[in-house]
Amino acid sequence: MHFYSTNNPSTRVSFKEAVFNSMPQDKGLYMPVTIPRLDDKFINNLREYSLPEIAFHVSKNLLGDDIPDSDLKAIIDDAINFLAPVVRLEDNVFVLELFHGPSLAFKDFGARFMSRVMAYFLEKGEKQLDVLVATSGDTGGAVALGFLGVPNTRVTILYPKGKVSEIQELQLTTNGQNIRAVEIDGTFDDCQALVKQAFTDKELNDKFRLTSANSINIARLIPQTFYYFGAYAQLLKQGINKVVFSVPSGNFGNIGAGLLAWKMGLPVKHFIAATNVNDTVPEFFRTGVYQPKPSVATLSNAMDVGDPSNWVRIADLFRNDMSALKNLITGYSYDDEETMAAIKFIFDNYNYVACPHTAIAWQALRDWQQDNFKQNVAGVFLSTAHPCKFPDVYPESISCKIDVPEQVKALTKKNKHLVALGKDFDGFKEYLLKNN
Ligand SMILES: *Cc1c(COP(=O)(O)O)cnc(C)c1O
């Protein structure tokens, strides 16, 4: 399969190039030249397949012969080694739990697949791959744990001091091996600026083979299609085939993957884009004007994005056809008060603790189902992270009911290793050069 840039549809690059470049020179995003429909036999028999089997079929459909079957199978079995169960809360309301991977967030799907694809494409004797990543929380943990122990790679994570939760910090700082954590005395934007400047620094680029692991990488998008098929398969087993997905959205990679799955033939009735007050996309659906704005801090901080980087992919999928977009996607947005009310409602009515991002997706699903009650469509809202990652959000009466997974309990016994730096580029550069 070849990939083009959304800014220049005549570009052609291989999968390997698209993965290592992350972003085309023209600052567009890579998209597959064709998005083949899966055959009906596969779609109709989805319920017969396990998640790794589905993942193999779907990625093979997109990638063709870029990776030989046996290698692709091995990558998938290693990357997608945890479940994504659909849990029923009531009639027509289901939650797709995407937090059973090592970092307890859905970003594990993308990060684990991408790291293994990168390692696969690194040829023997090639220079070590140096991954630089800035994180405001979930990305760093997923990337760190995704690359942990992957040969010929090294990851340097920059995170803002005092602005990630305790568990997130432990996930970043307790790995050792090929993972380094750098705490920056600044904001997430400062971390991102340092990483961006490193990519343009000649001396660093001469010395290191730098790559970014950010969410626009096509190898992070592809594996996120797998669980939409997997969820549909689980519902088919219960005799359900009319489904709407509600997706908590920030950079719009997750819902973008859902739309890619739909394009490949998954018969989804509708998608709901659920955001916090960073509502650029729901606002676009209301007004027809796409107006990026500065991001605002909220309880669902992984969705504090005012200019969603994956939106151009979605616009491109629909050739900017507004009515086609509106037929398939509805946007809803909620403030922190509504988010807390949703968390409480879910807890009181279902005895279920949702993370703040997840609660927003539930509220949007509920509102959509009320607006479209005649359609009798089963609703699935995506749970993107385990609630234990956001302990400060909940009142004691709810936080005491969160089951903290064993892997997190084990983390608290480990020692943190980190380097503390200021936000000036010279200090960061010196650190990189001295710690080769
Ligand atoms: C990253 C993240 C999101 C947003 O996903 P996008 O693909 O950026 O839209 C939602 N919830 C959680 C917990 C996340 O970590």
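Is Asn254 buried or exposed, and at what relative accessibility? Asn254 counts as buried because its relative accessibility is 5%; buried means under 20% relative accessible area, exposed over 50%, and partly exposed in between, with a 1.4 Å probe and protein chains only.

The model is predicted: local features need pLDDT of at least 70, side-chain atom pairs count only at pLDDT 80 or more, and totals for chains, interfaces and linings use all residues. Residues are numbered from 1 along each chain as its sequence is written, and side-chain values use heavy atoms, without hydrogens and water.

Asn254 sits in helix α12 (residues 253-263). Helices (H or I, at least four residues) and strands (E, at least two) are DSSP runs numbered from the N terminus. The Asn254 side chain makes a polar contact with that of Tyr227 at 2.6 Å; such a contact is a pair of N or O atoms within 3.5 Å, and within protein one must be able to donate a hydrogen and the other to accept it, while residues adjacent in sequence count only if both atoms are side-chain atoms.

An open sheet of 5 strands runs in the order β9-β6-β7-β8-β14, with parallel pairing. Two strands pair if DSSP finds at least two bridges between them. β9 and β14 stand at the edges with a single partner strand each, so one side of each lacks a neighbour in the sheet. β6 and β9 pair over 4 bridges, and Leu129 stands opposite Arg209 in β9.

| Helix | Residues | Angle |
|---|---|---|
| α8 | 188-200 | about 150° to β6 |
| α20 | 425-434 | about 150° to β14 |

Technical notes:
Contact = heavy atoms within 4.5 Å. Axes fitted to C-alpha atoms, helices over the stretch in contact; angles between N-to-C directions.
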